[in-house]
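Good morning, and thank you for coming. Please look at the sequence and the structure on the screen, and I shall guide you through them.

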Amino acid sequence: MDSYNVQLHWDDEAKVWWADSEDIPGLILEDETADKLIERLLIAAPEIIELNDIEKRPKLNFICTRQEDIIFD
């Protein structure tokens, strides 16, 4: 079973999480929370992998990053 990395990123300006993957061509999604995004990715990623004729039973690794600039008065 091959392992595929999916990166989750926080867009501070748009206030949404978005995901992409170098391992899964065509995968890009966004949602308001990381949990909702992962739920969608669990459905979309295997479908996109199958459409790309890649292994049908992948192992997905979710890698989350969030960085915000906070200014205190």
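Arg 40 is partly exposed, with a relative accessible area of 36%; here, buried means under 20% relative accessible area, exposed over 50%, and partly exposed in between, using a 1.4 Å probe and protein chains only. This is a predicted model, in which local features need pLDDT of at least 70, side-chain atom pairs count only at pLDDT 80 or more, and totals for chains, interfaces and linings use all residues. Residues are numbered from 1 along each chain as its sequence is written, and side-chain values use heavy atoms, with hydrogens and water left out.

Which residue forms a salt bridge with Arg 40? The partner is Asp 31, and the closest N and O atoms are 3.6 Å apart. A salt bridge is a side-chain nitrogen of Lys or Arg within 4 Å of a carboxyl oxygen of Asp or Glu. Asp 31 is buried, its relative accessible area being 18%.

How many salt bridges does a search of the whole structure find? The search finds 3. Another one joins Glu 32 to Lys 36, with 2.5 Å between the closest N and O atoms; Lys 36 is partly exposed at 37% relative accessibility. Asp 12 and Lys 15 also form a salt bridge, their closest N and O atoms lying 2.8 Å apart. Asp 12 counts as partly exposed at 25% relative accessibility, and Lys 15 does so at 47%. As a general point, side chains of opposite charge can pair when their charged atoms come close.

Let us stay with Lys 15. This residue sits in the loop between strand 1 and strand 2, and its phi is positive, about 60 degrees, although Lys 15 is not a glycine. Most residues other than glycine have a negative phi.

Now to the strands. Helices (H or I, at least four residues) and strands (E, at least two) are DSSP runs, numbered from the N terminus. In this model, 4 strands form an open sheet in the order 3-2-1-4, with mixed pairing; two strands pair if DSSP finds at least two bridges between them. The edge strands, each pairing on one side only, are strand 3 (28-31) and strand 4 (59-65).

In which sense do strand 1 and strand 4 pair? Strand 1, residues 3-11, pairs with strand 4 in the parallel sense over 7 bridges. Within this pairing, Ser 3 has Lys 59 of strand 4 as its bridge partner.
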